[in-house]
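Here is a briefing on a structure with its sequence. Please look it over before reading the points below.

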Amino acid sequence: MDKGKAVMEGVGRRWAVDFTDNSTSPSSRDIPDPLGFSRASLDQDDSTQSRQKKDAESNWKAKKAWEVAQAPLKNLLMMGFMMWMAGNTVHLFSIGITFSALWQPISALQGVGKVFEPYKDSRVELLGPKLLFIALNLGGLALGVWKLNTLGLLPTHASDWVSSLPPAQDVEYSGGGVNLH
Amino acid sequence: MAMAIRAFLMFVLFLFSTQFCFSLYEDQVGLMDWHQQYLGKVKHAVFHTQKTGRKRVLVSTEENVVASLDLRHGEIFWRQILGTNDIVDGLDIALGKYVITLSSDGSMLRAWNLPDGQMVWESSLQGSKLSKSILNVPKNLKADKDDLILVFGQGCLHAVSSIDGEVLWKKDFSGQSIEVQQITHSPHNDLIYVAGYVGSSKFYVYQINAKNGELLKDNTAALPSGTYGELLSVSSDMFVTLDDTRSKILLINLKNGEINYNDNHISDLIKDTSGQGVILPSRLPGIFALNLDSLGILIKVTNEGGLVLVEKINNAAALSDAVSISDGQHAFAFVQHEENKIHLTVKDVHNWNSDLLKERIVIDHQRGNVEKIFINNYVRTDRSNGFRALIAMEDHSLLLVQQGEIVWSREDGLASVVDVTTSDLPVEKEGVSVAKVEQNLFEWLKGHILKLKGTLMIASPGDVAAIQAMRLRSSEKSKMTRDHNGFRKLLIVLTRAGKVFALHTGDGRIVWSVLLRTLRKSEACERPIGLNIYQWQDPHHHALDENPSVFVVGRCGPSLAAPAVLSFIDAYTGRELNSLSLAHTVAQVMPLPYTDSTEQRLHLIIDVNQQAYLYPKTPEAIHILQHEFANVYWYSVDADNGIIRGHALNSRCNGEVVDEYCFDLRDLWSIVFPSESERILATMTRKSNEVVHTQAKVMTNQDVMYKYISKNLLFVANVAPKAIGEIGTATPEESWLVIYIIDTVTGRILHRMTHHGCQGPVQAVFSENWVVYHYFNLRAHRYEMSVVEVYDQSRADNKDVWKLVLGKHNLTSPFSSYSRPEVITKSQSYYFTHSVKAIEVTSTAKGITSKQLLIGTIGDQVLALDKRFLDPRRTLNPSQAEKEEGIIPLTDSLPIIAQSYITHSLKVEGLRGIVTVPAKLESTSLVFAYGVDLFFTRIAPSRTYDSLTEDFSYALLLITIVALVAAIFVTWVLSERKDLQEKWR
């Protein structure tokens, strides 16, 4: 997350002072250009430089996006380890872990757009990372559900549905016994 | 979500399952349980008032209780309960310090220490034939400084030493065919007269030397006619009896060993009577009493052998024996009835002109007539004689009357409870606020502060005592209104005396009692007996302005052919609403599961001719029954012939009188057990009002087994004919126990199992889909308990989750026994240490709470045993999953945990039955155990998971909350202030 923050700071600036003067028309200035100064060559040089810079930025963004997309994998492994530690009996710890394992992917999936917003760029293809991110989170969710099932907390058995059914009523009624004495 | 809750609950239960016992703390005794001690109907009473110190009266009762009562307050000093077959025949005091009882048809003589009731000696008197048993403790009969006790029983006369119970001499009369009637001791010449008959007209008398039992003389005389009734001794050598026409009095005189007799017509003594008399068994010197046309007649026997009429007593109810008040002066008492009063008259036997005492006592008419009276004299401060009388009433209650007042009374009818039902209390009316009950707010606060002190352990011993007293006499539990948890109810009990009592479950007090008119002796009904008590009307949804009512079914005599009587009683007030003497008999009462618009339950009374009578007799009831006509079945168990028959309603009776409420029954099926190999010993069905929560039993692997839950199941236990007797009378090879589970609609045998080498007595309980029964294993020489669970195999293929989710199943559709479902059973047996008097199972409002078996042990205690111990799936090494489910590793015997006796340190003497009633709170079940004593408590088989315990400190909770809120406020203020300072910096 630290890296993401750094990127955010770089992009989301409010104002800036550009010490390189990019204007090409000398008439706009009160002061003539010094002798021997060729604005054209400088302009040429400047534009290639900025293009390079932008390329680098989008490259970096794409890289970062992939990195962010892969982040849930670590989480997944961590969760898997925790689940293994928790065991298969129902108690406070295992229930807590399972529910957090379910909650994390769901909350992450809800915020997919937000996570990838910083890397939004016309030149950056975000579909790939997003799909990976979603897939990994779904994987995490599946892991959580699987854990829930191993704990026996999913109503996948007939017993879960039958238990609440009242017993069937008898059609016939019979009474009697030994004579009263 | 439900799944998660269930799983969580199971987890909680698992946590609790690590500790099985549901014991209670010492200071919780009496909080929710009560225990009452009774004696039964008094048969004999002997006063012991001579010595200074505690005055007492010794009684023996029809419940075979021997007790010593405090004459001042009627409290029990001590009490000994003999076995059910050990009937007390005689009671007396010997040596001034031993209470002597003769029991078991004159074969058991016991001496109890007078002050504390410890048994001093016991002697078993052998004899060969059944006979009348007579206990005679003569004054001044001494042999070698030892007082003798004369006992006649089993055809033999024994002289027993009163010091150690040794038989000093014995005379056998069983060789002669004489039926001994009287034994008298003549103090002047130390002679014992043994008088009796051969046949009915030959009179025999034996003279025996009291010192050594030597037969001195025997004499016989043929009486002019046969005799009627018993022989009464007027003095040591004079006897009276009636002749067989009951119109002549025979007076037999044994002067000098010669038998002289003369007969006198009763009509000579009393003019214009033609009735037949009965000699009353009161022992009065020189006098006897005759009951003639409900007139008490006292006749004096003169020394010359003449009879003189002394007095006629109108409305005579009871006559006491004579009591010696001074030298040669004897007094006796008789009682006359006058509406709600009784007249007690004490007279001198030899001086008829004046009364020693004449008192008029007002007695509650619900006590009925006086049955027995015992008197005792005391010397007043002015040296005159005072008398106190112990009176046994028709309802078996016991009164002590002195100086015209009832000093104390005991409701000993409650010792012989026949049947029990319950009723809810009235709903709390508006206007009765909590503050009124708790006196005022200050008291309430004080109580809670005391409790808080107790919780925080800063209470002084005085405070602790105050807390305990407050808990015990909490007005909350004895209020006369319905409570939210359903703990307060009325227990309506029918006693053998024909009296119905309503007991409050909170403190056991008698709310009302009524002696039923239909169950009192009358011309039409000679020996009425109460059979059962049933719910009649229990308004819940309709007819709420009416009080609930119960009805009592009785019969005019012990035989099945006696006509039936019904009484309807208002459950709130005890008023007898209606009573019916029915033309038909009663063999069975069948409460139907239908109620009419006023919530009166329909009942079928089936008579011995197999005709069913519908009650209530209203057209509406007929209409309701007509709807279900084809679905009502009846079965009869004929234990004598080993036949179970099934019947269905057929048509209206076609007798001479058209009765549209009478129906014929037709036979449907019968099961005939082979009489050479099986005898019916016990039958058991499910309780008709039992609630079952679920039909599924979930196995460890999440599989489902469907319980076979049908109300129409009958458990039958049969034994081999040779093994029908006591344990030990049959060898293991010739005894076996066969159990059946039978569908009572179709007569189909669902399950049959044989236990070889086992025999009765069998006690069983049937609940949901399982039956637990208790029997004796002759091979192992131990008692065993077995469980059989019945599962419905035909439903087992309902396994598709989606079908269940979408409701495409037939699991809740009504179910007919004719569909012949396939069943499987699982069973397991365990050893059990105790022999058992009764088994019952807890019942709760919705049937969710796990069950406990309530076992009435031979020690008259009630043991709560978790049903999980009787689970046929118990294995030696349960898997982890099975353990989690709560399956206990298999052991060969059932554990008896001392803390799980719900009667804790008390005994319910003479325990006969246990009744469980669900409270409104699902976790809790009310338990009432009855015998000679009564015991009530409430139990929570899975603990009170749905409510806070009663000793929960609300004050502590309140204080904690207040403290937390205060802390939050303070920290909030502090943090605000700190924030402000930060900002200014």
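C653(B) and C662(B) form a disulfide, with 1.7 Å between their sulfur atoms. The model is predicted. A search of the whole structure finds two disulfides over all chains.

**Disulfides and cysteines of chain B**

- The torsion about the S-S bond of C653(B) and C662(B) is about -70 degrees, so this disulfide is left-handed.
- C653(B) has a relative accessible area of 13%, under the 20% limit, so C653(B) is buried.
- C662(B) also counts as buried, because its relative accessibility is 2%.
- C525(B) and C556(B) form a disulfide too, with their sulfur atoms 1.9 Å apart.
- This link of C525(B) and C556(B) is left-handed, with -105 degrees about the S-S bond.
- C525(B) sits in the loop between β39 (510–515) and β40 (529–537) of chain B, and C556(B) sits in the loop between β41 (549–555) and β42 (563–570) of chain B, so the pair ties together parts that are 31 residues apart in sequence.
- C525(B) and C556(B) are both buried.
- Counting bonded cysteines along the chain, the disulfides of chain B follow the pattern 1-2, 3-4.
- C156(B) counts as buried, at 1% relative accessibility.
- C758(B) is buried as well, with a relative accessible area of 2%.

**The four-stranded sheet of chain B**

- Four strands of chain B form an open sheet in the order β32-β33-β34-β35.
- The pairing in this sheet is antiparallel.
- β32 (370–379) and β35 (405–410) of chain B stand at the edges with a single partner strand each, so one side of each is left without a neighbour in the sheet.
- From one strand to the next, the twist averages 20 degrees.
- β32(B) and strand β33 (residues 385–393) of chain B run antiparallel and are joined by nine bridges.
- In β33(B), N385(B) stands opposite V379(B).

- Strand β19 (residues 227–235) of chain B pairs with strand β20 (residues 238–243) of chain B.
- The two strands β19(B) and β20(B) are antiparallel, over five bridges.
- What joins β19(B) to β20(B)? A hairpin does, through two residues.
- L232(B) has V240(B) in β20(B) as its bridge partner.

**Domains of chain B**

- Chain B is divided into domain 1 (39–176), domain 2 (314–410), domain 3 (433–478), domain 4 (587–672), domain 5 (680–832) and domain 6 (953–985).
- How far apart do the C-alpha centres of domain 1 of chain B and domain 6 of chain B lie? They lie 79 Å apart.

**E122 of chain B**

- E122(B) is found in strand β9 (residues 119–124) of chain B.
- Is E122(B) buried or partly exposed? E122(B) counts as partly exposed, because its relative accessibility is 40%.
- Not counting residues up to four places away in sequence, E122(B) touches M108(B), L109(B) and R110(B).
- With R110(B) there is a polar contact, side chain to side chain, at 2.6 Å from E122(B).
- Q329(B) is 207 residues from E122(B) in sequence. In space, C-alpha to C-alpha, E122(B) and Q329(B) are 35 Å apart.

**D463 of chain B**

- D463(B) lies in helix α5 (residues 461–472) of chain B.
- The relative accessible area of D463(B) is 18%, so D463(B) is buried, the limit being under 20%.
- D463(B) is in contact with L450(B) and K453(B), leaving aside its neighbours within four places in sequence.

**Chain A**

- Chain A has six helices and one strand.
- Read from the N terminus on, the elements of chain A run α-α-α-α-α-α-β.
- Chain A has 181 residues, of which 29% count as buried.
- Take contacts in chain A between residues at least 6 apart in sequence: 70% of them join residues at least 24 apart.

How values were computed:
Residues numbered from 1 in each chain as written. Chains lettered and ligands numbered in written order. Predicted model: local features only at pLDDT ≥ 70, side-chain atom pairs only at ≥ 80, totals over all residues. Heavy atoms only, no water. Pairing = 2+ DSSP bridges. Axes fitted to C-alpha atoms, helices over the stretch in contact; angles between N-to-C directions. Buried < 20%, exposed > 50% of the residue type's maximum accessible area, 1.4 Å probe, protein only. Contact = heavy atoms within 4.5 Å. Polar contact = N/O pair within 3.5 Å; in protein donor to acceptor, adjacent residues only side chain to side chain. Domains from an automatic or database assignment. Disulfide = S-S within 2.5 Å.
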